[in-house]
Structures are given as C-alpha cells and as structure tokens.
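Q: I am new to this structure. Please walk me through how to read it, one feature at a time.

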Amino acid sequence: MTDLCYDIRGAGPVLLVVPGGAGHPMGLDPLTAELAEHCTVVTYDPLGLAHGRLGLPVAEQRVEAWSEGARRVLDEVLPDGESAYVLGFSSGGIAVLDLLARHPERLRHVIAHEPPVVRVLPDAERQSAMFAEVYDTYRAAGLPAAGARLAAGLAGTPAAPSGDGRPPSPEEELSSPMALFLTRVLTRFTAYAPDLDALRPAPLTLAAGVDSRGGLLHRTASVAAELTGGRLAEFPGGHLGAAEHPREFAANVLDALRR
C-alpha cells in the first residue's frame with residue numbers, strides 16, 4: 001500500500017510533472033494530453049488534493065518532503081536502470097530543483113518553470129517580506145485580497161488596497177487549493193535556498209514565460225540559470241502559460257528536453 005498520489009498517461013520515456021501551488025494538478029490536463037503523445041507522463045499530486053484529500057487537514061509543507069515524494073514516485077514507475085525527465089511549475093519547480101540536487105542520477109533533464117527561489121536574488125529579504133505580507137493579507141482580508149497582493153508583488157507593481165474582505169473559516173481554507181498554497185506552502189517554499197553547487201553540473205533548464213518579462217519570477221529563473229550554468233528558456237504566456245497555451249507550451253517542453 002502506498003500513500004503516494006499520481007496519475008499516468010501516455011507511453012514512451014517517463015516525464016514526471018510536479019504542479020505548482022499546493023500541488024493540485026488542475027488546469028494541466030490539456031498540457032499533459034499533448035505531452036502524453038510523446039512521453040509517459042506521470043503527474044504527481046503531493047497532497048492528494050485531486051485524489052480525494054481536499055478538505056482534510058494539511059500540515060505546513062516542506063520542499064524536502066515534496067522532493068522525497070517525487071523520488072518515491074520515480075522508484076515506483078521507472079524501470080530499473082532508467083532515468084526520467086522532470087517538469088516542475090512554481091512551487092513544484094522548487095521541489096524539482098531539490099530533487100535534482102539530491103538525486104541527479106535518476107534524472108535525464110529537469111525543467112523548472114518560474115520557481116520562486118527568491119533566495120538567489122540580491123534583494124531576497126525584501127521579496128521574502130512581500131510573501132509574508134501576502135500571508136498576513138490573507139489572514140486579515142481573505143483570498144481575493146491576498147491574491148491581488150501576490151499578483152502585485154510578482155509583477156513588481158504597487159499593492160492595491162486590500163478592501164473589505166474577511167478571513168476564511170477553517171473549513172473554507174481546507175477546501176481551497178489556493179488557500180492551502182498561501183497558508184501551507186508559500187512562505188516556507190520561498191525561503192528555500194537551492195544547492196547551487198549541486199546544480200551546477202546538472203542537466204537543467206530554467207524556464208520563464210514571455211509575458212513574465214520584467215516580473216519577479218522571470219528574474220528568479222534568469223538569476224538561477226546564471227548561477228547554476230543552466231539554460232534559460234522562454235515559454236509561451238506567463239506564470240500560467242501551461243494552462244493558457246498548452247499546445248505551444250508542450251512543444252517548448254519537448255524542445256528543451258531534446259536539447
């Protein structure tokens with residue numbers, strides 16, 4: 001019996017996908033359908049939110065726990081002696097950087113799309129304070145206000161007034177993947193410092209959306225690529241480009257993996 005939650009579709013070399021946010025793979029089906037024409041796509045759901053666990057209690061999350069879970073998924077799906085491709089989004093992108101640093105022998109190539117690894121930036125403390133403010137806004141004024149504060153922080157624009165929202169109830173919080181991301185994932189994951197020494201010789205692409213140029217997450221991808229020697233690639237759309245442009249995004253993923 002296993003407590004791991006994941007889905008498999010397609011055939012060919014294994015491509016492990018680690019979603020962003022709280023790990024719920026919502027919005028990724030069109031992309032994984034495109035990729036499954038070329039790969040065995042294994043979509044990891046770290047908290048099981050798409051597998052009947054939404055609404056159950058969730059502890060504060062750790063990057064290392066997601067990374068270890070991803071390794072265990074690979075142990076279950078990879079034939080002996082083979083290695084996998086990996087694609088991680090946002091918080092999932094942070095997890096796959098940790099996976100690559102710890103288990104490079106299991107991975108053929110890793111794509112981390114807009115991982116918010118602000119610890120690589122010279123203004124890391126200011127950005128960490130912004131994420132803490134997002135959390136505080138959520139607790140004081142609810143999800144829409146916190147989402148607006150996060151969007152402003154990622155875009156590097158002034159924060160709008162928080163409005164007259166209300167804090168969520170515990171039940172509402174547990175039933176919302178976005179609320180779980182803001183309260184259980186965001187501040188802990190953005191405090192993670194990647195092991196740059198371990199990543200320097202690794203097969204790595206840092207990806208950022210074309211529409212994210214000038215924003216925080218394009219900058220984290222660019223700086224992380226520079227510090228690790230990884231390739232920087234621009235993908236269609238912005239932070240949610242995988243959901244907005246699945247066919248074009250899949251083509252970019254496959255091109256990066258072929259390289």
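A: Start with Ser91, which is found in helix α4. Helices (H or I, at least four residues) and strands (E, at least two) are DSSP runs, numbered from the N terminus. This is a predicted model, where local features need pLDDT of at least 70, side-chain atom pairs count only at pLDDT 80 or more, and totals for chains, interfaces and linings use all residues. Residues are numbered from 1 along each chain as its sequence is written, and side-chain values use heavy atoms, with hydrogens and water left out.

Q: Is Ser91 buried or exposed?
A: Buried means under 20% relative accessible area, exposed over 50%, and partly exposed in between (1.4 Å probe, protein chains only). Ser91 has 2% relative accessibility, so it counts as buried.

Q: Which residues does Ser91 touch?
A: Contact means heavy atoms within 4.5 Å. Leave out residues up to four places away in sequence, and Ser91 touches Pro19, Gly20, Gly21, Trp66, Pro116, Phe181, Val185 and Phe189.

Q: Where is His113, and what is it in contact with?
A: His113 sits in strand β5. Its relative accessibility is 0%, so His113 counts as buried. Neighbours within four places in sequence aside, His113 is in contact with Gly88, Phe89, Ser90, Ala207, Ala208, Gly209, Phe235, Gly238, His239 and Phe249.

Q: What should I look for in phi?
A: Most residues other than glycine have a negative phi. Ser90 has a positive value, near 55°. Ser90 lies in the loop between β4 (84-89) and α4, and it is buried, with a relative accessible area of 10%. Glu114 also has a positive phi, near 50°. Glu114 lies in the loop between β5 and α5, and it counts as buried at 1% relative accessibility.

Q: How are packed helices described?
A: Two packed helices are described by the angle between their axes and the distance between the axes. Axes are lines fitted to C-alpha atoms, for helices over the stretch in contact, and angles run from 0 to 180 degrees between N-to-C directions. Take helix α5 (residues 124-141) and helix α6 (residues 143-155): their axes come within 7 Å and cross at roughly 165°. That makes α5 roughly antiparallel to α6. Angles under 35 degrees count as roughly parallel, over 145 as roughly antiparallel, 65 to 115 as roughly perpendicular and the rest as oblique.

Q: Is the crossing of α5 and α6 left-handed or right-handed?
A: A crossing is left-handed if the near helix is turned anticlockwise from the far one by less than a right angle, and right-handed if clockwise. The crossing of α5 and α6 is right-handed. Residues making the contact include Met130 and Phe131 of α5 and Leu150 and Leu154 of α6.

Q: How does α6 pack with α8?
A: α6 and helix α8 (residues 177-190) pack at about 65°, with axes 11 Å apart. The crossing of α6 and α8 is left-handed. Leu143, Ala146 and Leu150 of α6 meet Met178, Ala179, Phe181 and Leu182 of α8.

Q: How many disulfides are there?
A: A disulfide is a pair of cysteine sulfur atoms within 2.5 Å. By this rule the count is zero. Cys5 is buried at 9% relative accessible area, and Cys39 is buried at 4%.

Q: Where is Pro104?
A: Pro104 is in the loop between α4 (91-102) and β5 (107-113). Pro104 is partly exposed, with a relative accessible area of 37%.
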